[in-house]
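Student: I would like to learn how to read a protein model feature by feature. Could you take me through one?
Tutor: Gladly; let us look together.

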Amino acid sequence: TYITTPVVCNEYASVRIATSIEGADAAEKIEVVTVIKDAQGVEVVRNQSIHTVAGNQPEVQQMLIEKPHLWSPDSPYLYTAETSLIRNGVKCDCYATRFGVRKIEYVPEKGFFLNGQRTMFKGVCNHHDLGPLGAAVNRSALKHQLSLLKDMGCNAIRTSHNMPAPELVELCDEMGFMMMIE
């Protein structure tokens, strides 16, 4: 599942969800049901569609969130899109994807804008390990490290050399860090 928010304003946000479906027979019809829930788990919008499996074409669903909560470093609000695949009336798969609604712009001579506000990157280059703890992922140690960075005023992280652990990406989304992943 790949989610983008092509149009974002205070009144609404368009959400584009592209879902790749694997393991189905060619020309098989799969019902795709996606429910977007807010941070409290309340359903915001629902979309149902029928996808005819043909090649590697994803099922694309378009939805609108009215009066969206916008993600920012100061308010890292996350929605969850729960996508279910139904084959012959039976749910055969379900996948949850968390995402933030935000508008990003780079304006020449003015800089980076997040949700219409000029935003300065106050970041660090972060190596994949946790110093003396080593390179094994430790969620609580990552959270502690990010808390210290947040307390110092950091709002952005550039990862280095390796793809970051999914836990780091999740925590950055939750805690309000913009990321540049090498």
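Tutor: Rings of Phe, Tyr and Trp (its six-membered ring) pair if their centres lie within 6.5 Å; planes under 30 degrees apart count as stacked, over 60 as edge-to-face and the rest as tilted. Here, ring pairs link Tyr 77, Tyr 79 and Phe 99 into a cluster. Please keep in mind that this is a predicted model, where local features need pLDDT of at least 70 and side-chain atom pairs count only at pLDDT 80 or more, while totals for chains, interfaces and linings use all residues. Residues are numbered from 1 along each chain as its sequence is written, and side-chain values use heavy atoms, leaving out hydrogens and water.

Student: How many aromatic pairs does the structure hold?
Tutor: A pair of aromatic rings is described by the distance of the centres and the angle of the planes. The structure holds 4 such pairs. In one of them, the ring centres of Tyr 79 and Phe 99 are 5.9 Å apart and the planes meet at 25 degrees, so this pair is stacked.

Student: Which strands do Tyr 79 and Phe 99 belong to?
Tutor: Strands (E, at least two residues) and helices (H or I, at least four) are DSSP runs, numbered from the N terminus. Tyr 79 is in strand 6 (residues 79–87) and Phe 99 in strand 7 (residues 90–99); being 20 residues apart, they link distant parts of the chain.

Student: Are Tyr 79 and Phe 99 buried or exposed?
Tutor: Buried means under 20% relative accessible area, exposed over 50%, and partly exposed in between (1.4 Å probe, protein chains only). Both Tyr 79 and Phe 99 are buried. Across the protein chain, buried residues make up 38% of the 182 residues.

Student: What sits over the ring of Phe 177?
Tutor: A charge sits over a ring if NZ of Lys or CZ of Arg is within 6 Å of the ring centre and within 35 degrees of the ring normal. For Phe 177, it is the charged end of Lys 150, 5.0 Å from the ring centre.

Student: Now the strands. What order do they have in the open sheet of 3 strands?
Tutor: Two strands pair if DSSP finds at least two bridges between them. The order in this open sheet is 1-2-5, with antiparallel pairing. Strand 1 (2–4) and strand 5 (59–66) are the edge strands, each pairing on one side only.

Student: How many bridges join strand 1 to strand 2?
Tutor: There are 3, and the two strands run antiparallel, with strand 2 covering residues 12–19. Ile 3 stands opposite Ile 17, and Thr 4 has Arg 16 as its bridge partner. Strand 2 also pairs with strand 5, over 8 bridges in the antiparallel sense. On that side Arg 16 stands opposite Gln 62.

Student: Why is strand 2 described as largely enclosed?
Tutor: Because 6 of its 8 residues are buried, strand 2 is largely enclosed by the rest of the structure.

Student: Where is Pro 6 found?
Tutor: Pro 6 is in the loop between strand 1 and strand 2, and its 54% relative accessibility makes it count as exposed. Contact means heavy atoms within 4.5 Å. Not counting residues up to four places away in sequence, Pro 6 touches Ser 14 and Arg 16.

Student: And what does the secondary structure of the protein chain come to?
Tutor: It comes to 2 helices and 13 strands. The C-alpha trace spans about 55 × 40 × 30 Å along its principal axes.
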